[in-house]
Amino acid sequence: MTLWLTLIACGIVTYATRASFIALGDRMPLPPPVERALRYVAPAAFAAIAVPLVLGGDGFAEFSADIPRLVAASVAAAVIVKWKNMPLSLGLGMVALWLLHWAGL
Amino acid sequence: MTDFSFDRRAFVDGITTIFPLAIPGVPFGLVLGLIITTNDIDPWAGWSSSWLILAGASQLAALNLIADGASAAVIIVSVLLINSRHIMYSAALRPKFVGMPAKFRYLAPYFLIDQCFAVADTAPELEGSSLRYRMWHFLGSGAFLWTMWVISVAIGILVGDVVREEWSLSFAVPLLFTGLLALSVKNRPGLVAAIVAGSVAVVGRDLPQGSGLLLGIVLGVAAAGIAEGRLEKASAP
């Protein structure tokens, strides 16, 4: 029972974070400079999520062990910049990772 | 009164656009299911976390904490911290949802997973489109991601060890976010946002429960706002 209540509470706090501003609608507008800066949430958020994930493990301490991951992520990013194609980016990124692992890196 | 009746084309477009972004979530969901069974967590409760919380990283943390016998307060605060980035998503999307029915503005946040945010924020077909199109597009992407997620976690619970470690399928998630990062950097302030946020997140990775992540996003957005102001001033005649 405690487990269920805990999970429901987790669901409620998660919904609250997501609803916070959207549910507010156009009540309480933010100052224009803040609204403008908020257009950069996507690059900021995806960098903050992706970079630590790609570096993986202990990050810089394990830097040399992360070469296949760094190369695979670079391939994925390059495919997006060149062709804006997400399935191709994921596919070639994974293939790069497998090839480097297979080559013993 | 604007017409908000069901828009089939928008709904299907939403599904089509989110489809490739939903795939990397599948191995993640399978692993989550496996964690539920190997830690003897009640399978119904564990699976229900996927539609109650609907956020992979925080579910993973919650389930690990449950397995460790952590207190409810610790679990809830951890989930709140990990998911605090959604406040930024919500703030960024708010202007796009103004004018939509209140019912939708209360339902939509339930589906606001990272990938849905990416689609709602950057999908090219949404540029200059009607409110009705954008609303059904969002619901299409959200409903599809929701379905994929609850099914993958269920399969992970039922089938168990299907993801081979040596396939490194878990790396599909970092690759997905790398791709989304590359898609979302469209100009110099965007690049500033990415560099600042990425650096802060790496330096702050040991801060409790992902608060380094939120700090990175906030500082990255602030830096981009300042950079944009400077660039405008520099380019003014």
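How do α3(B) and α4(B) run relative to each other, roughly parallel or roughly antiparallel? This report works towards that point from the helix packing in chain B, then turns to the two chains and their contact. The model is predicted.

**Helix packing in chain B**

Start with the pair in the opening question. Helix α3 of chain B, at residues 43-52, packs against helix α4 of chain B, at residues 56-67. The angle between them is about 155°, and their axes lie 10 Å apart. Angles over 145 degrees count as roughly antiparallel. α3(B) and α4(B) are therefore roughly antiparallel to each other. The crossing of α3(B) past α4(B) is right-handed.

Which residues make this contact? From α3(B) come G46(B), S49(B) and S50(B). They meet Q59(B), A62(B) and L63(B) of α4(B). By class, this contact has four polar residues, two nonpolar ones and no charged ones.

α4(B) passes α5(B) in a right-handed crossing.

On the α4(B) side, the contact uses A57(B), S58(B), A61(B), A62(B), L65(B) and I66(B). On the α5(B) side, it uses V74(B), I75(B), S78(B), V79(B) and I82(B). Nine of these residues are nonpolar, two are polar and none is charged. A62(B) meets α3(B), and A62(B) also meets α5(B).

L54(B) sits in the loop between α3 and α4 of chain B. L54(B) is not a glycine, yet its phi is positive, at about 60°. Is L54(B) buried or exposed? The cut-off for buried is 20 or more other C-beta atoms within 10 Å. L54(B) has 24 C-beta neighbours inside 10 Å, so it counts as buried.

**The two chains**

Chain B has 12 helices and zero strands. Along the sequence, its pattern is α-α-α-α-α-α-α-α-α-α-α-α. Chain A has five helices and zero strands. Its pattern reads α-α-α-α-α.

The table sets out the values for each chain.

| Property | Chain A | Chain B |
|---|---|---|
| Residues and radius of gyration | 105 residues, 20 Å | 237 residues, 19 Å |
| C-alpha box along the principal axes | roughly 55 × 45 × 30 Å | roughly 65 × 45 × 35 Å |
| Buried residues | 43% | 51% |

**Two loop residues in chain A**

M28(A) lies in the loop between α1 and α2 of chain A. M28(A) has a positive phi of about 50° although it is not a glycine. M28(A) has 7 C-beta neighbours inside 10 Å and therefore counts as exposed; the cut-off for exposed is 12 or fewer.

R39(A) lies in the loop between α2 and α3 of chain A. R39(A) is buried, because 20 other C-beta atoms lie within 10 Å. R39(A) and T6(A) are 33 residues apart in sequence. In space, they are 34 Å apart, C-alpha to C-alpha.

**Where the chains meet**

How many residues of each chain are in contact with the other chain? Chain A contributes 61 residues and chain B contributes 77. On the chain A side, α1 (2-24), α2 (32-37), α3 (41-55), α4 (67-83) and α5 (86-102) each supply at least two residues. The largest share comes from α1(A), with 20 residues.

By class, the side of chain A that touches chain B has 43 nonpolar residues. Another 11 residues on that side are polar, and seven are charged.

Definitions and conventions. Residues are numbered from 1 along each chain as its sequence is written. Chains are lettered from A and ligands numbered from 1 in the order in which they are written. This is a predicted model: local features need pLDDT of at least 70, side-chain atom pairs count only at pLDDT 80 or more; totals for chains, interfaces and linings use all residues. Two residues are in contact if their C-beta atoms, placed from the backbone, lie within 7 Å. Helices (H or I, at least four residues) and strands (E, at least two) are DSSP runs, numbered from the N terminus. Ala, Val, Leu, Ile, Met, Phe, Trp, Tyr, Cys and Pro count as nonpolar, Asp, Glu, Lys and Arg as charged, and the others, Gly among them, as polar. Axes are lines fitted to C-alpha atoms, for helices over the stretch in contact, and angles run from 0 to 180 degrees between N-to-C directions. Angles under 35 degrees count as roughly parallel, over 145 as roughly antiparallel, 65 to 115 as roughly perpendicular and the rest as oblique. A crossing is left-handed if the near helix is turned anticlockwise from the far one by less than a right angle, and right-handed if clockwise. The radius of gyration is taken over C-alpha atoms; the globule rule is 2.2 Å times the number of residues to the power 0.38.
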